[in-house]
Amino acid sequence: MKRAWTIFLKGAGMGAADAVPGVSGGTIAFITGIYAELIETIKRFGPGALSAWQQGGARRLTTHLNLRFLLPLLAGIAISLISVAHLITYLMAAQPVVLSGFFFGLVAASALVIRRDLSHWRLWHILPLLLGLISVKGLALLMPLVGLLGNESLMLVVAGAIAISAMLLPGVSGSFLLLAMGLYGTVMQAIKSLDFTVILVFGGGCALGLFGFSRLLSWLLRRFYTATLQFLIGMILGALPILWPWQELVSYRVGPQEQLIPMGHRFLLPHEYAQLTGDSAQPFIVLAAMLAGLILVLMVGRKAPPEGAQEPAHVRKKDECDA
């Protein structure tokens with residue numbers, strides 16, 4: 001029961017992060033030590049589940065799908081998304097600079113936490129790090145192409161598959177990609193108003209994305225563990241500029257529902273932000289929020305077991321041989 005409650009709280013953290021454009025639930029999963037188990041659990045949904053049911057009924061299926069882990073995690077994510085969606089919407093409107101500062105510190109510290117798993121780092125691992133940095137910007141630029149599909153249901157399915165895949169990656173925000181697609185408002189409003197038509201269509205896309213991407217990610221972690229972690233760190237570092245508290249919007253596009261979709265920003269110092277906007281930059285409050293996010297992650301990361309502890313021994317040996 002204690003483990004179920006702990007997993008529920010970690011799921012709640014993932015749901016809260018996924019509600020914020022620029023933050024990834026995958027980051028929370030990693031720093032809380034459940035990332036490897038999450039990927040492997042999702043991967044079990046497939047033909048093997050039917051075989052487990054045929055061989056041992058509900059009891060065997062529960063074990064095969066690791067439902068004692070998955071159900072409290074999903075409950076935490078769902079309840080957090082529904083409840084936190086209102087709070088996040090309010091804070092993004094009322095205190096966007098402070099909120100960005102908190103998540104900037106949180107995401108920056110996440111890279112330090114993941115860094116502890118790089119026990120077999122080699123010089124060539126700079127390449128996946130750079131690829132991760134580039135991918136964050138590239139993904140955001142490609143997202144408007146989803147709007148060219150025309151059919152709203154098809155757009156929601158594709159958006160769900162992309163967003164859920166991004167949410168599995170530390171550093172990549174599914175919410176931010178939805179924002180770049182012009183569908184963030186549609187999905188968040190559907191969650192808040194319990195519009196099950198939109199939720200089910202979007203959820204179908206999420207299921208497709210989970211089925212395919214979890215297998216790819218699991219394979220990468222088994223075969224190229226350190227390089228994959230380096231790629232994920234690159235994505236986390238690439239996401240940091242999105243969360244910088246003091247920014248000026250310099251380019252944007254208008255989405256299909258007349259919403260403003262940010263495409264480019266100029267990063268400012270606090271005094272420049274105050275001069276430009278006429279609003280207080282709240283530097284001390286924002287720095288305190290950054291520090292709070294940083295300390296929170298380092299505390300959680302210190303208590304959580306390293307992801308590398310779940311890495312199979314033969315994979316570690318293979319990494320060493322490949323290097």
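**Figure 1. P96 in helix α6.** P96 sits in helix α6; helices (H or I, at least four residues) and strands (E, at least two) are DSSP runs, numbered from the N terminus. This is a predicted model, where local features need pLDDT of at least 70, side-chain atom pairs count only at pLDDT 80 or more, and totals for chains, interfaces and linings use all residues. Residues are numbered from 1 along each chain as its sequence is written, and side-chain values use heavy atoms, with hydrogens and water left out. P96 is partly exposed, at 38% relative accessibility. Buried means under 20% relative accessible area, exposed over 50%, and partly exposed in between (1.4 Å probe, protein chains only). P245 lies 149 residues away from P96 in sequence. In space, the two C-alpha atoms are 7.7 Å apart.

**Figure 2. The whole protein.** The model holds 15 helices and two strands. Of its 323 residues, 47% count as buried. The accessible surface comes to about 15700 Å², with areas from the Shrake-Rupley method and a 1.4 Å probe; for residues, only the protein chains shown count as cover. Carbon and sulfur atoms own 70% of that surface.

**Figure 3. Confidence along the chain.** The mean pLDDT is 77; pLDDT is the predictor's confidence in each residue, from 0 to 100. A value of 70 or more is reached by 80% of the residues. Among the elements, helix α13 (residues 270-277) has the highest mean, 88. Helix α15 (residues 313-322) has the lowest, 40. Over residues 306-323 the pLDDT is below 50. Beyond near neighbours in sequence, this stretch has 32 contacts in the model.

Figure 4. Helix α1 has 17 residues. From first C-alpha to last, α1 reaches 25 Å, close to the 24 Å expected at 1.5 Å a residue; the expected span is 1.5 Å times one less than the number of residues. Buried residues of α1 include I7, F8, G11 and A12. M14, G15, A17 and D18 are also buried. R3 is partly exposed, with a relative accessible area of 47%. R3 forms a salt bridge with E37, with the closest N and O atoms 3.0 Å apart. A salt bridge is a side-chain nitrogen of Lys or Arg within 4 Å of a carboxyl oxygen of Asp or Glu. R3 lies in α1 (residues 2-18) and E37 in α3 (residues 35-43), so the pair ties together parts that are 34 residues apart in sequence. A search of the whole structure finds three salt bridges.

Figure 5. The side chains of E40 and K43 meet in a salt bridge, 3.4 Å from N to O. Both residues lie in α3, three residues apart, about one turn of the helix. An α-helix has 3.6 residues a turn, so residues three or four places apart point the same way. E40 is partly exposed, with a relative accessible area of 30%. K43 is partly exposed too, at 24%.

**Figure 6. A salt bridge between the strands.** E248 and R266 form a salt bridge, with the closest N and O atoms 2.7 Å apart. E248 lies in β1 (residues 247-254) and R266 in β2 (residues 260-267), so the pair ties together parts that are 18 residues apart in sequence. E248 is partly exposed, at 22% relative accessibility. R266 is also partly exposed, with a relative accessible area of 40%.

**Figure 7. A nonpolar surface patch.** L123, I126, L130, L133, I134 and L237 make a nonpolar patch of about 530 Å². Patches are made of residues with over 30% relative accessible area and no salt bridge; like charges are joined within 9 Å, and nonpolar side chains (Val, Leu, Ile, Met, Phe, Trp, Tyr) within 5 Å. Helix α7 (residues 126-142) gives the most, with four residues. L123 lies in the loop between α6 (96-115) and α7. L123 is exposed, with a relative accessible area of 63%.

Figure 8. Helix α11 (residues 196-223) has 28 residues. Its span is 39 Å from first C-alpha to last, close to the 40 Å expected at 1.5 Å a residue. Among its buried residues are V198, F202, G205, F213 and L221. T197, also in α11, is exposed, with a relative accessible area of 59%. T197 and S153 are 44 residues apart in sequence and 9.7 Å apart in space, C-alpha to C-alpha.

Definitions and conventions: Contact = heavy atoms within 4.5 Å.
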